[in-house]
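Here's a protein to look over, one feature at a time. Grab the 3D view and follow along.

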Amino acid sequence: MQSRTVSELLSEKITPIEVDIKGWVRTFRANRFIALNDGSTLNNIQCVVDFEKFDDALLKRITTGAAIHIKGELVESQGKGQSVEIQVNAFEILGDSDPETYPIQPKKHSFEFLRENAHLRTRTNTFSAVMRLRSALSFAIHKYFNDHGFYYMHAPIITGSDAEGAGEMFKVSSLDAKNPPLDDQGEVDYTQDFFGKETNLTVSGQLEAETYAMSLGKVYTFGPTFRAENSNTSRHLAEFWMIEPEVAFMDLNGNMDLAEDFMKYVIGYILENNREDLDFLDQRLSDEEKTKPQAERSPMGLIEKLNFVTQNNFKRVSYTEAIDILRRCKPNKKKKFKYIIDEWGADLQSEHERFLVEKHFKCPVILFDYPANIKAFYMRLNEDGKTVRAMDILFPGIGEIVGGAQREERLDILKEKMAAIDIPEEELWWYLDLRKYGTAVHSGFGLGFERLVMFATGMSNIRDVIPFPRTPQNAEF
(Lines give C-alpha, C1' and ligand atoms only; values in the text may rest on other atoms or scores of the structure.)
Protein backbone atom coordinates (compact mmCIF):
# COMPACT_ATOMS: atom_id res chain seq x y z
CA MET A 1 0.00 0.00 0.00
CA GLN A 2 1.35 3.42 -0.96
CA SER A 3 1.87 5.91 1.86
CA ARG A 4 -0.47 8.89 1.96
CA THR A 5 0.20 12.39 3.32
CA VAL A 6 -1.56 13.98 6.27
CA SER A 7 -2.92 16.67 3.93
CA GLU A 8 -4.47 14.02 1.66
CA LEU A 9 -6.02 12.07 4.52
CA LEU A 10 -7.54 15.14 6.21
CA SER A 11 -9.35 15.95 2.98
CA GLU A 12 -10.42 12.35 2.32
CA LYS A 13 -14.19 11.97 1.86
CA ILE A 14 -14.40 8.19 1.92
CA THR A 15 -14.33 6.31 5.23
CA PRO A 16 -13.50 3.74 6.40
CA ILE A 17 -10.43 2.91 4.30
CA GLU A 18 -7.11 1.21 5.01
CA VAL A 19 -4.25 3.73 5.11
CA ASP A 20 -0.47 3.85 5.42
CA ILE A 21 1.28 7.01 6.67
CA LYS A 22 4.67 8.19 7.92
CA GLY A 23 5.47 11.28 9.96
CA TRP A 24 6.79 12.78 13.19
CA VAL A 25 5.06 12.68 16.55
CA ARG A 26 3.97 16.08 17.82
CA THR A 27 2.36 14.71 21.01
CA PHE A 28 1.29 11.38 22.50
CA ARG A 29 -1.50 11.82 25.07
CA ALA A 30 -2.86 9.38 27.60
CA ASN A 31 -0.86 6.53 26.05
CA ARG A 32 -3.55 6.54 23.36
CA PHE A 33 -3.68 9.61 21.07
CA ILE A 34 -0.81 10.37 18.66
CA ALA A 35 -0.78 13.78 16.95
CA LEU A 36 1.14 13.05 13.73
CA ASN A 37 2.54 15.60 11.28
CA ASP A 38 4.49 15.06 8.07
CA GLY A 39 5.00 18.67 6.91
CA SER A 40 2.36 18.51 4.18
CA THR A 41 -0.05 20.67 6.16
CA LEU A 42 -0.26 22.83 9.24
CA ASN A 43 -2.62 20.35 10.85
CA ASN A 44 -1.87 17.06 12.57
CA ILE A 45 -3.84 13.88 12.12
CA GLN A 46 -4.94 12.04 15.24
CA CYS A 47 -3.94 8.39 15.39
CA VAL A 48 -5.72 6.36 18.07
CA VAL A 49 -3.78 3.51 19.69
CA ASP A 50 -5.41 0.65 21.60
CA PHE A 51 -2.63 0.25 24.15
CA GLU A 52 -3.79 -3.27 25.03
CA LYS A 53 -2.75 -4.41 21.53
CA PHE A 54 0.86 -3.24 21.78
CA ASP A 55 3.86 -3.98 23.93
CA ASP A 56 4.42 -1.35 26.64
CA ALA A 57 8.12 -1.00 25.78
CA LEU A 58 7.18 -0.14 22.19
CA LEU A 59 4.59 2.42 23.30
CA LYS A 60 7.20 4.16 25.45
CA ARG A 61 9.22 4.85 22.28
CA ILE A 62 6.38 7.04 20.90
CA THR A 63 7.81 10.36 22.06
CA THR A 64 7.68 13.92 20.70
CA GLY A 65 9.92 14.16 17.63
CA ALA A 66 10.05 10.42 16.90
CA ALA A 67 9.56 9.32 13.29
CA ILE A 68 6.96 6.56 12.94
CA HIS A 69 5.22 4.49 10.28
CA ILE A 70 1.55 3.77 10.92
CA LYS A 71 -0.87 1.38 9.24
CA GLY A 72 -4.51 1.50 10.15
CA GLU A 73 -8.04 2.44 9.24
CA LEU A 74 -9.16 5.98 8.45
CA VAL A 75 -12.50 6.48 10.15
CA GLU A 76 -14.86 9.32 10.99
CA SER A 77 -13.56 11.03 14.11
CA GLN A 78 -15.45 10.75 17.37
CA GLY A 79 -13.72 13.80 18.85
CA LYS A 80 -13.85 17.51 18.13
CA GLY A 81 -11.43 19.43 15.91
CA GLN A 82 -11.02 16.91 13.11
CA SER A 83 -13.31 15.13 10.68
CA VAL A 84 -11.26 11.92 10.42
CA GLU A 85 -8.75 9.98 12.50
CA ILE A 86 -6.73 6.78 12.16
CA GLN A 87 -7.41 3.66 14.20
CA VAL A 88 -3.89 2.21 14.48
CA ASN A 89 -3.52 -1.48 13.57
CA ALA A 90 0.29 -1.54 13.38
CA PHE A 91 3.15 0.88 13.77
CA GLU A 92 6.92 0.93 13.46
CA ILE A 93 9.36 3.35 15.09
CA LEU A 94 11.55 4.60 12.24
CA GLY A 95 13.64 6.93 14.38
CA ASP A 96 13.62 7.40 18.14
CA SER A 97 13.68 10.84 19.78
CA ASP A 98 15.13 11.47 23.24
CA PRO A 99 12.37 13.31 25.16
CA GLU A 100 14.93 14.72 27.60
CA THR A 101 17.03 16.52 24.97
CA TYR A 102 14.66 17.10 22.01
CA PRO A 103 14.55 20.93 21.69
CA ILE A 104 11.16 21.36 19.99
CA GLN A 105 8.80 20.49 22.81
CA PRO A 106 5.03 21.13 22.49
CA LYS A 107 5.16 24.62 24.01
CA LYS A 108 5.80 28.20 22.91
CA HIS A 109 9.42 28.90 21.93
CA SER A 110 11.04 32.27 21.26
CA PHE A 111 12.17 32.99 17.70
CA GLU A 112 15.70 33.54 19.00
CA PHE A 113 15.71 30.02 20.49
CA LEU A 114 14.38 28.60 17.24
CA ARG A 115 17.11 30.37 15.22
CA GLU A 116 19.62 28.56 17.42
CA ASN A 117 17.85 25.33 16.42
CA ALA A 118 17.20 26.25 12.79
CA HIS A 119 17.74 22.64 11.71
CA LEU A 120 14.58 21.67 13.64
CA ARG A 121 12.48 24.84 13.64
CA THR A 122 10.34 23.82 10.66
CA ARG A 123 8.76 21.24 12.98
CA THR A 124 6.84 24.15 14.54
CA ASN A 125 3.61 25.45 13.03
CA THR A 126 4.94 28.95 12.39
CA PHE A 127 8.07 27.93 10.52
CA SER A 128 6.46 25.11 8.58
CA ALA A 129 3.84 27.63 7.38
CA VAL A 130 6.49 30.22 6.49
CA MET A 131 8.60 27.74 4.53
CA ARG A 132 5.63 26.29 2.65
CA LEU A 133 4.76 29.85 1.63
CA ARG A 134 8.37 30.50 0.62
CA SER A 135 8.20 27.44 -1.61
CA ALA A 136 4.85 28.50 -3.10
CA LEU A 137 6.13 32.01 -3.83
CA SER A 138 9.20 30.54 -5.57
CA PHE A 139 6.97 28.41 -7.76
CA ALA A 140 4.65 31.35 -8.52
CA ILE A 141 7.63 33.48 -9.60
CA HIS A 142 8.88 30.86 -12.05
CA LYS A 143 5.36 30.19 -13.30
CA TYR A 144 4.65 33.86 -13.93
CA PHE A 145 7.79 34.40 -15.98
CA ASN A 146 7.42 31.12 -17.86
CA ASP A 147 3.81 31.93 -18.73
CA HIS A 148 4.86 35.38 -19.97
CA GLY A 149 7.60 34.20 -22.32
CA PHE A 150 10.66 34.92 -20.17
CA TYR A 151 13.80 32.78 -20.23
CA TYR A 152 15.39 31.78 -16.93
CA MET A 153 19.04 32.80 -16.83
CA HIS A 154 21.59 31.61 -14.25
CA ALA A 155 23.76 34.65 -13.51
CA PRO A 156 27.27 33.95 -12.20
CA ILE A 157 27.82 33.96 -8.45
CA ILE A 158 31.53 34.80 -8.82
CA THR A 159 32.10 38.13 -10.55
CA GLY A 160 34.80 40.69 -11.23
CA SER A 161 32.39 43.65 -11.19
CA ASP A 162 30.34 45.47 -8.58
CA ALA A 163 26.90 46.07 -10.09
CA GLU A 164 25.78 48.45 -7.35
CA GLY A 165 29.02 50.36 -6.83
CA ALA A 166 28.62 49.60 -3.12
CA GLY A 167 32.07 48.15 -2.53
CA GLU A 168 30.80 45.88 0.26
CA MET A 169 31.53 42.53 -1.33
CA PHE A 170 32.95 39.18 -0.24
CA LYS A 171 36.30 38.45 -1.87
CA VAL A 172 36.85 35.11 -3.62
CA SER A 173 40.48 34.06 -3.62
CA SER A 174 42.68 30.96 -3.53
CA LEU A 175 45.78 32.92 -2.54
CA ASP A 176 47.56 32.24 0.76
CA ALA A 177 45.91 34.72 3.13
CA LYS A 178 49.00 34.86 5.37
CA ASN A 179 51.55 35.20 2.58
CA PRO A 180 49.97 36.39 -0.67
CA PRO A 181 52.16 37.19 -3.70
CA LEU A 182 52.88 40.92 -4.10
CA ASP A 183 53.44 43.02 -7.23
CA ASP A 184 56.11 45.69 -7.74
CA GLN A 185 54.02 48.23 -5.82
CA GLY A 186 53.68 45.94 -2.81
CA GLU A 187 50.01 45.25 -3.51
CA VAL A 188 48.46 41.77 -3.67
CA ASP A 189 49.18 40.34 -7.13
CA TYR A 190 45.80 39.01 -8.21
CA THR A 191 47.17 37.93 -11.60
CA GLN A 192 48.45 34.90 -9.68
CA ASP A 193 45.04 34.20 -8.19
CA PHE A 194 42.76 31.41 -9.44
CA PHE A 195 40.85 33.63 -11.89
CA GLY A 196 43.81 35.86 -12.73
CA LYS A 197 42.06 38.93 -11.35
CA GLU A 198 40.33 40.20 -8.22
CA THR A 199 36.91 38.52 -7.86
CA ASN A 200 33.96 38.66 -5.46
CA LEU A 201 30.63 37.08 -4.69
CA THR A 202 27.94 38.86 -6.68
CA VAL A 203 25.62 41.54 -5.27
CA SER A 204 23.32 41.34 -8.30
CA GLY A 205 22.82 39.42 -11.52
CA GLN A 206 21.41 42.47 -13.29
CA LEU A 207 24.33 43.47 -15.51
CA GLU A 208 24.76 39.93 -16.82
CA ALA A 209 20.98 39.64 -17.29
CA GLU A 210 21.05 42.77 -19.46
CA THR A 211 23.42 41.00 -21.87
CA TYR A 212 20.96 38.16 -22.30
CA ALA A 213 17.96 40.45 -22.61
CA MET A 214 19.73 42.13 -25.51
CA SER A 215 19.67 38.88 -27.44
CA LEU A 216 16.83 36.76 -25.99
CA GLY A 217 14.43 39.65 -25.39
CA LYS A 218 12.94 38.75 -22.00
CA VAL A 219 14.97 37.06 -19.26
CA TYR A 220 15.04 36.82 -15.49
CA THR A 221 17.47 35.70 -12.82
CA PHE A 222 16.49 34.20 -9.48
CA GLY A 223 19.46 33.26 -7.37
CA PRO A 224 21.64 33.97 -4.34
CA THR A 225 23.37 37.32 -3.90
CA PHE A 226 25.76 38.54 -1.22
CA ARG A 227 26.55 41.71 0.72
CA ALA A 228 29.47 42.08 3.12
CA GLU A 229 27.66 44.85 4.99
CA ASN A 230 28.32 44.59 8.73
CA SER A 231 24.68 45.18 9.62
CA ASN A 232 22.94 43.16 12.31
CA THR A 233 19.41 44.49 11.83
CA SER A 234 16.15 42.60 11.36
CA ARG A 235 16.15 43.63 7.67
CA HIS A 236 19.64 42.59 6.52
CA LEU A 237 21.27 39.31 5.50
CA ALA A 238 24.74 38.63 4.14
CA GLU A 239 23.29 36.00 1.77
CA PHE A 240 19.87 36.45 0.21
CA TRP A 241 17.99 35.72 -3.01
CA MET A 242 17.09 38.18 -5.76
CA ILE A 243 14.57 38.13 -8.60
CA GLU A 244 15.74 40.33 -11.48
CA PRO A 245 13.88 40.44 -14.82
CA GLU A 246 15.34 42.36 -17.76
CA VAL A 247 13.42 43.16 -20.95
CA ALA A 248 14.63 44.56 -24.27
CA PHE A 249 12.63 47.28 -26.04
CA MET A 250 10.71 48.12 -22.83
CA ASP A 251 10.69 51.62 -21.33
CA LEU A 252 9.97 52.74 -17.78
CA ASN A 253 6.19 52.68 -18.26
CA GLY A 254 6.35 49.09 -19.46
CA ASN A 255 8.61 48.26 -16.53
CA MET A 256 6.06 49.65 -14.07
CA ASP A 257 3.27 47.68 -15.80
CA LEU A 258 5.32 44.48 -15.57
CA ALA A 259 6.27 44.95 -11.91
CA GLU A 260 2.70 45.70 -10.82
CA ASP A 261 1.26 42.74 -12.71
CA PHE A 262 3.99 40.45 -11.37
CA MET A 263 3.51 41.47 -7.73
CA LYS A 264 -0.27 41.07 -7.95
CA TYR A 265 0.14 37.63 -9.50
CA VAL A 266 2.55 36.10 -6.98
CA ILE A 267 0.60 37.43 -3.99
CA GLY A 268 -2.68 36.38 -5.57
CA TYR A 269 -1.21 32.92 -6.08
CA ILE A 270 -0.64 32.29 -2.37
CA LEU A 271 -4.00 33.82 -1.46
CA GLU A 272 -5.61 31.22 -3.71
CA ASN A 273 -3.39 28.22 -2.97
CA ASN A 274 -2.05 28.63 0.58
CA ARG A 275 -4.98 29.92 2.55
CA GLU A 276 -4.59 27.53 5.48
CA ASP A 277 -1.05 28.75 6.19
CA LEU A 278 -2.02 32.38 5.63
CA ASP A 279 -4.98 32.12 8.01
CA PHE A 280 -2.70 30.69 10.69
CA LEU A 281 -0.07 33.41 10.21
CA ASP A 282 -2.77 36.09 10.09
CA GLN A 283 -3.99 34.95 13.52
CA ARG A 284 -0.40 34.74 14.82
CA LEU A 285 0.25 38.31 13.71
CA SER A 286 -3.03 39.50 15.23
CA ASP A 287 -2.12 37.95 18.59
CA GLU A 288 1.35 39.51 18.41
CA GLU A 289 -0.07 42.96 17.61
CA LYS A 290 -2.28 42.85 20.71
CA THR A 291 0.83 42.75 22.90
CA LYS A 292 2.14 46.04 21.44
CA PRO A 293 1.26 49.59 22.51
CA GLN A 294 -1.65 50.98 20.47
CA ALA A 295 0.55 53.47 18.63
CA GLU A 296 2.88 50.71 17.38
CA ARG A 297 0.21 48.35 16.08
CA SER A 298 -0.10 47.66 12.37
CA PRO A 299 -3.23 49.19 10.82
CA MET A 300 -3.82 46.03 8.75
CA GLY A 301 -3.96 42.29 9.34
CA LEU A 302 -1.85 40.01 7.15
CA ILE A 303 -4.55 38.89 4.72
CA GLU A 304 -6.01 42.40 4.64
CA LYS A 305 -2.56 43.68 3.64
CA LEU A 306 -2.20 41.08 0.87
CA ASN A 307 -5.66 41.93 -0.48
CA PHE A 308 -4.69 45.60 -0.32
CA VAL A 309 -2.02 44.83 -2.93
CA THR A 310 -4.05 42.58 -5.22
CA GLN A 311 -7.27 44.62 -5.17
CA ASN A 312 -5.88 48.14 -5.72
CA ASN A 313 -4.33 49.79 -8.71
CA PHE A 314 -0.84 51.03 -7.90
CA LYS A 315 -0.70 54.85 -7.82
CA ARG A 316 2.12 56.26 -9.95
CA VAL A 317 3.71 59.39 -8.53
CA SER A 318 6.89 61.24 -9.48
CA TYR A 319 9.55 61.68 -6.83
CA THR A 320 9.12 65.45 -7.13
CA GLU A 321 5.38 65.23 -6.42
CA ALA A 322 6.01 62.86 -3.51
CA ILE A 323 8.53 65.30 -1.96
CA ASP A 324 5.97 68.11 -2.17
CA ILE A 325 3.35 65.91 -0.46
CA LEU A 326 5.76 64.88 2.27
CA ARG A 327 7.07 68.40 2.84
CA ARG A 328 3.53 69.70 3.41
CA CYS A 329 2.16 66.77 5.43
CA LYS A 330 1.35 67.04 9.17
CA PRO A 331 3.93 64.49 10.41
CA ASN A 332 6.66 66.48 8.67
CA LYS A 333 5.42 69.90 9.77
CA LYS A 334 4.99 68.70 13.37
CA LYS A 335 8.40 66.97 13.22
CA LYS A 336 6.96 63.53 13.93
CA PHE A 337 9.07 62.00 11.20
CA LYS A 338 12.46 60.82 12.40
CA TYR A 339 13.91 62.17 9.14
CA ILE A 340 12.43 65.59 8.29
CA ILE A 341 11.93 66.36 4.61
CA ASP A 342 13.29 69.85 3.95
CA GLU A 343 14.22 69.92 0.30
CA TRP A 344 14.20 68.12 -3.02
CA GLY A 345 16.92 65.48 -3.29
CA ALA A 346 16.34 63.77 0.04
CA ASP A 347 16.67 59.98 0.08
CA LEU A 348 13.28 58.73 1.26
CA GLN A 349 13.11 56.53 4.35
CA SER A 350 10.65 53.76 5.19
CA GLU A 351 8.55 56.15 7.33
CA HIS A 352 8.04 58.46 4.33
CA GLU A 353 7.23 55.60 1.97
CA ARG A 354 4.72 54.08 4.39
CA PHE A 355 3.03 57.46 4.89
CA LEU A 356 2.46 57.77 1.16
CA VAL A 357 1.01 54.25 0.95
CA GLU A 358 -0.94 53.93 4.20
CA LYS A 359 -2.05 57.48 4.93
CA HIS A 360 -2.01 59.64 1.82
CA PHE A 361 -2.88 57.50 -1.21
CA LYS A 362 -4.22 54.43 0.66
CA CYS A 363 -2.97 52.07 -2.06
CA PRO A 364 0.38 50.68 -3.24
CA VAL A 365 2.52 53.41 -4.79
CA ILE A 366 5.11 53.48 -7.56
CA LEU A 367 7.51 56.41 -7.29
CA PHE A 368 9.47 57.30 -10.43
CA ASP A 369 12.01 59.80 -11.78
CA TYR A 370 14.38 59.96 -8.80
CA PRO A 371 17.34 62.34 -8.39
CA ALA A 372 20.29 60.93 -10.31
CA ASN A 373 22.73 61.41 -7.42
CA ILE A 374 20.88 58.93 -5.16
CA LYS A 375 20.51 56.20 -7.77
CA ALA A 376 22.85 53.78 -9.57
CA PHE A 377 25.02 54.72 -12.56
CA TYR A 378 23.22 52.42 -15.02
CA MET A 379 19.84 54.19 -14.78
CA ARG A 380 18.81 56.29 -17.79
CA LEU A 381 19.32 60.01 -17.37
CA ASN A 382 16.24 62.15 -18.09
CA GLU A 383 16.29 65.17 -20.34
CA ASP A 384 16.35 67.49 -17.31
CA GLY A 385 19.85 66.21 -16.53
CA LYS A 386 19.11 65.78 -12.83
CA THR A 387 16.69 62.83 -12.59
CA VAL A 388 16.83 59.26 -13.83
CA ARG A 389 14.19 56.84 -15.11
CA ALA A 390 14.08 54.90 -11.86
CA MET A 391 11.06 53.45 -10.09
CA ASP A 392 10.38 51.97 -6.65
CA ILE A 393 7.25 50.10 -5.58
CA LEU A 394 6.07 50.90 -2.05
CA PHE A 395 3.91 48.51 0.01
CA PRO A 396 2.13 48.93 3.36
CA GLY A 397 4.06 47.98 6.46
CA ILE A 398 7.38 47.69 4.67
CA GLY A 399 7.92 50.64 2.32
CA GLU A 400 10.09 49.91 -0.72
CA ILE A 401 9.85 46.32 -1.92
CA VAL A 402 10.83 46.61 -5.63
CA GLY A 403 13.45 48.82 -7.23
CA GLY A 404 13.99 49.15 -10.96
CA ALA A 405 14.76 51.43 -13.87
CA GLN A 406 15.00 51.99 -17.56
CA ARG A 407 18.68 51.33 -18.27
CA GLU A 408 21.02 53.89 -19.83
CA GLU A 409 21.34 52.72 -23.43
CA ARG A 410 23.43 55.68 -24.72
CA LEU A 411 27.14 54.88 -24.80
CA ASP A 412 28.47 58.41 -24.32
CA ILE A 413 26.26 59.19 -21.33
CA LEU A 414 26.95 55.81 -19.69
CA LYS A 415 30.70 56.44 -20.03
CA GLU A 416 30.31 59.88 -18.43
CA LYS A 417 28.36 58.42 -15.50
CA MET A 418 30.92 55.65 -14.95
CA ALA A 419 33.78 58.15 -15.02
CA ALA A 420 32.01 60.36 -12.47
CA ILE A 421 32.11 57.54 -9.88
CA ASP A 422 35.49 56.13 -10.91
CA ILE A 423 34.35 52.89 -12.57
CA PRO A 424 37.09 52.00 -15.10
CA GLU A 425 35.79 51.33 -18.60
CA GLU A 426 38.02 48.25 -18.89
CA GLU A 427 36.23 46.69 -15.91
CA LEU A 428 32.87 46.76 -17.71
CA TRP A 429 34.01 46.66 -21.33
CA TRP A 430 31.49 43.94 -22.10
CA TYR A 431 28.66 46.00 -20.59
CA LEU A 432 29.66 48.97 -22.75
CA ASP A 433 29.67 46.68 -25.80
CA LEU A 434 25.90 46.35 -25.45
CA ARG A 435 25.71 50.08 -26.23
CA LYS A 436 28.03 49.71 -29.23
CA TYR A 437 26.34 46.81 -30.98
CA GLY A 438 22.61 47.16 -31.47
CA THR A 439 21.77 49.29 -28.46
CA ALA A 440 18.09 49.72 -27.61
CA VAL A 441 15.82 50.86 -24.83
CA HIS A 442 15.60 48.20 -22.11
CA SER A 443 14.45 48.01 -18.51
CA GLY A 444 14.24 45.77 -15.47
CA PHE A 445 13.79 45.60 -11.74
CA GLY A 446 15.00 43.77 -8.65
CA LEU A 447 13.02 42.20 -5.86
CA GLY A 448 14.68 40.85 -2.72
CA PHE A 449 12.98 37.51 -2.26
CA GLU A 450 13.24 37.51 1.54
CA ARG A 451 11.60 40.96 1.67
CA LEU A 452 8.70 39.48 -0.31
CA VAL A 453 8.46 36.47 2.02
CA MET A 454 8.47 38.79 5.05
CA PHE A 455 5.61 40.78 3.55
CA ALA A 456 3.66 37.66 2.60
CA THR A 457 4.02 35.95 5.99
CA GLY A 458 3.93 38.88 8.40
CA MET A 459 7.28 37.88 9.90
CA SER A 460 9.18 40.86 11.30
CA ASN A 461 12.74 39.50 11.16
CA ILE A 462 14.38 38.54 7.88
CA ARG A 463 16.30 35.75 9.65
CA ASP A 464 12.99 33.93 10.06
CA VAL A 465 12.08 33.68 6.36
CA ILE A 466 15.24 31.99 5.04
CA PRO A 467 16.18 28.41 6.01
CA PHE A 468 19.65 29.14 7.40
CA PRO A 469 20.38 32.86 7.82
CA ARG A 470 23.86 34.19 7.15
CA THR A 471 24.57 37.33 9.19
CA PRO A 472 27.65 38.96 10.79
CA GLN A 473 29.32 36.49 13.15
CA ASN A 474 26.86 33.75 12.17
CA ALA A 475 27.29 30.99 9.59
CA GLU A 476 25.93 28.09 11.62
CA PHE A 477 24.46 24.97 9.99
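## Charges

Let's start with charge: the protein carries 58 positive and 74 negative charges, and their mean positions are 7 Å apart. Lys and Arg count as positive and Asp and Glu as negative, while His and the chain ends are not counted. Each charge is placed at NZ of Lys, CZ of Arg, CG of Asp or CD of Glu.

## Where this comes from

This is a predicted model, where local features need pLDDT of at least 70 and side-chain atom pairs count only at pLDDT 80 or more, while totals for chains, interfaces and linings use all residues. Residues are numbered from 1 along each chain as its sequence is written, and side-chain values use heavy atoms, with hydrogens and water left out.

## The overall build

You'll find 14 helices and 16 strands here; these are DSSP runs numbered from the N terminus (helices: H or I, at least four residues; strands: E, at least two). The C-alpha trace spans about 85 × 60 × 45 Å along its principal axes.

Of the 477 residues, 50% are buried, meaning under 20% relative accessible area with a 1.4 Å probe, protein chains only.

Now find helix α9 (residues 319-328) and helix α11 (residues 350-361): they pack at an angle of about 80°, with axes 11 Å apart. The axes are lines fitted to C-alpha atoms over the stretch in contact, and angles run from 0 to 180 degrees between N-to-C directions. So α9 and α11 are roughly perpendicular to each other, a label for angles of 65 to 115 degrees.

Which residues of α9 meet α11? They are Ala322, Ile325 and Leu326, and in α11 they meet His352, Phe355, Leu356, His360 and Phe361, with contact meaning heavy atoms within 4.5 Å.

Conventions. Angles under 35 degrees count as roughly parallel, over 145 as roughly antiparallel, 65 to 115 as roughly perpendicular and the rest as oblique.
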